[in-house]
Amino acid sequence: MSDTKFHEEIDGWKGYMEWEREPQKKELAFQILAQHPETTHPPEFQLKPLPSTNPVFNGQRWKNMHHALGYPFSVMPSASWDVVNCEKASDMRHVLEFPYNGEPPPEKLTDHHITPNKYHFVRNHGGIPDINPATYSLQIDGLVNEPRHLTLQKLQDPGIFPQETIVATLQCSGNRRSELSIRYPGGGDELVNAPWNGGAIGTARWAGVSLKRIIKYCGGLKTGAKHLELYGADTYIKNTAPGNYIVSVPWNKVKSHEVFLCWAMNGEPLPKIHSFPLRAVVFGYIGARSCKWLYRIKALEAPSKAPVQREEYLFYNNQVGKHNGSFSYGLSIQETPVSSAIMWPRDRDVIMHEGKINVKGWAYSGGGRWPERVEVSPDGGFSWYVVPGDRLSKKHRHAWRLWSIELPLRAEAWVELRCRCWDNALNSQPASYRDIWNWSLHVQNTQHRVIVYSVNQQNESTREGLKNLELQDKPLVPITLSVKFRGPESIEPGFDDPRDPDD
Ligand SMILES: Nc1nc2c(c(=O)[nH]1)N[C@H]1C(S)=C(S)[C@@H](COP(=O)(O)O)O[C@H]1N2
Ligand SMILES: [Mo]
């Protein structure tokens, strides 16, 4: 390793590279990556249907970039994969192997009001830092009256900071993106790297301290400070330029005790992949603001100018794309709009039933609003059935509600099931995908559709037909399998006439 160009900053912090204070280092990395044209190869997925492999994508482009930089970056792809295999359930749907992105299988997601840690989705932009808690410290600087370094021990001292727990949902702004991208594709880094289904959402009981108290401990903010910039220790390589993962949150949000710094998730220390030993959790905002591997907080007058804050997570008007856009055309996405999704049944399922089917899903609204009503339609949105109150999980200010319903279903056909949520401010979800379409395919919250083939055994002919298939030992599923209709004996009198007009 004598030719190592990059050195980790702190002993015991594997995978932490400081870029923001080291412009020369940043320039060097940029030069190396620019000389490796293979690192800028187009991503694996554009307009084609997603492959059914797991991992769906392996992130070769990102791996190449890490290998090109040499140690310690070169070992991160495999180290990251080791952490995944150790901390996540084996049936996770690995959307991207590196940087790791994964979501649980849909039917597992709605099994628990509090998502088990091993099934909580993961959205990473880089490798997974491995930080020694004994040498952990959080720097607080910028426009605070008394800048400080706080050790984990200090942060966890209940004599200094009261500890709090809260049930809160995290959702990636790209959740449900794949429904949109298969109909109306868009651009943006995340489309190609995170084709999420409806599983980039999870709920945990977080334990930690309110960031407001920490800022107070630092003597409060100086006049003019309005935003807090959050620095993540991981390296995010954006278009061959490496940087730390940096976002910001408005002081207003912090002031109302809606930003916690957390060290525990469901009564356990944070898993490495979810940011051991400490992370920010910003309630009701898109997941992107909940900075992981947090090592620095800087008070600023204006929102962060770092690329993740200023150039990503922007909601453009329908007319804007890379051919005519600029970052200033986009609204910065903060609070997440009301959404819901059907997790069971699955799209294209064939369902045999007796006039009712069990439908299950989640509903969530950001900004401190909560699902007040969930409705499900068996007919593409003509009629809606209300999920009974006792089939909705508990209400929290900042968390989802899981729901289920015995949905009346008369049809003998392909039907489109839909769901929609009304939050407590009576916001609901748009019906049309184009209403929500935005260049980077964020916050896709249309009424969720699932298409199923309904086989209604309340109908006599259906019952008879199924019995007949059974006698012949022929399966109904897959319905594309060629099986003859019932034989000539099923032709009723009058029907063997020619069906042409007589004259
Ligand atoms: N340091 C850092 N923080 C980060 C990210 C990241 O890549 N690096 N990803 C963000 C995004 S986009 C989301 S959706 C959430 C995901 O949190 P989780 O992986 O713990 O579910 O973390 C956010 N915080
Ligand atoms: Mo995200």
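A residue is called buried when its relative accessible area is under 20%, exposed when it is over 50%, and partly exposed in between, with a 1.4 Å probe and only protein chains taken into account. The structure is a predicted model, in which local features need pLDDT of at least 70 and side-chain atom pairs count only at pLDDT 80 or more, while totals for chains, interfaces and linings use all residues. Residues are numbered from 1 along each chain as its sequence is written, and side-chain values rest on heavy atoms, with hydrogens and water left out.

**The chain as a whole**

The protein chain holds 12 helices and 25 strands, where helices (H or I, at least four residues) and strands (E, at least two) are DSSP runs numbered from the N terminus. Its radius of gyration is 26 Å, close to the 23 Å that the globule rule gives for 503 residues, so the chain is as compact as a globular protein of that length; the radius is taken over C-alpha atoms, and the rule is 2.2 Å times the number of residues to the power 0.38. Along the principal axes, the C-alpha atoms fill a box of roughly 95 × 50 × 45 Å. Of the contacts between residues at least 6 apart in sequence, 71% join residues at least 24 apart, a contact meaning heavy atoms within 4.5 Å.

| Property of the protein chain | Value |
|---|---|
| Buried residues | 54% of the 503 residues |
| Accessible surface (Shrake-Rupley, 1.4 Å probe) | about 22700 Å² |
| Surface belonging to carbon and sulfur atoms | 51% |

**An annotated span and a residue within a strand**

UniProt, in an unreviewed entry, places the feature "domain: Moybdenum cofactor oxidoreductase dimerisation" at residues 332-453, and such annotations may be inferred rather than shown by experiment. This span is 3% helix and 43% strand, and its end C-alpha atoms lie 40 Å apart.

Glu416 is placed in strand β24, which covers residues 414-423, and with a relative accessible area of 24% Glu416 is partly exposed. Beyond its neighbours within four places in sequence, Glu416 is in contact with Ser377, Pro378, Asp379, Gly380, Arg449, Val450 and Ile451. For one of these, Val450, the C-alpha atom lies 5.7 Å from that of Glu416, although 34 residues separate the two in sequence.

**A loop residue**

Asn239 is found in the loop that joins β10 (227-238) to β11 (241-250). Because its relative accessibility is 60%, Asn239 counts as exposed. Tyr217 is 22 residues from Asn239 along the chain, and their C-alpha atoms are separated by 39 Å.

Terms used: Chains are lettered from A and ligands numbered from 1 in the order in which they are written.
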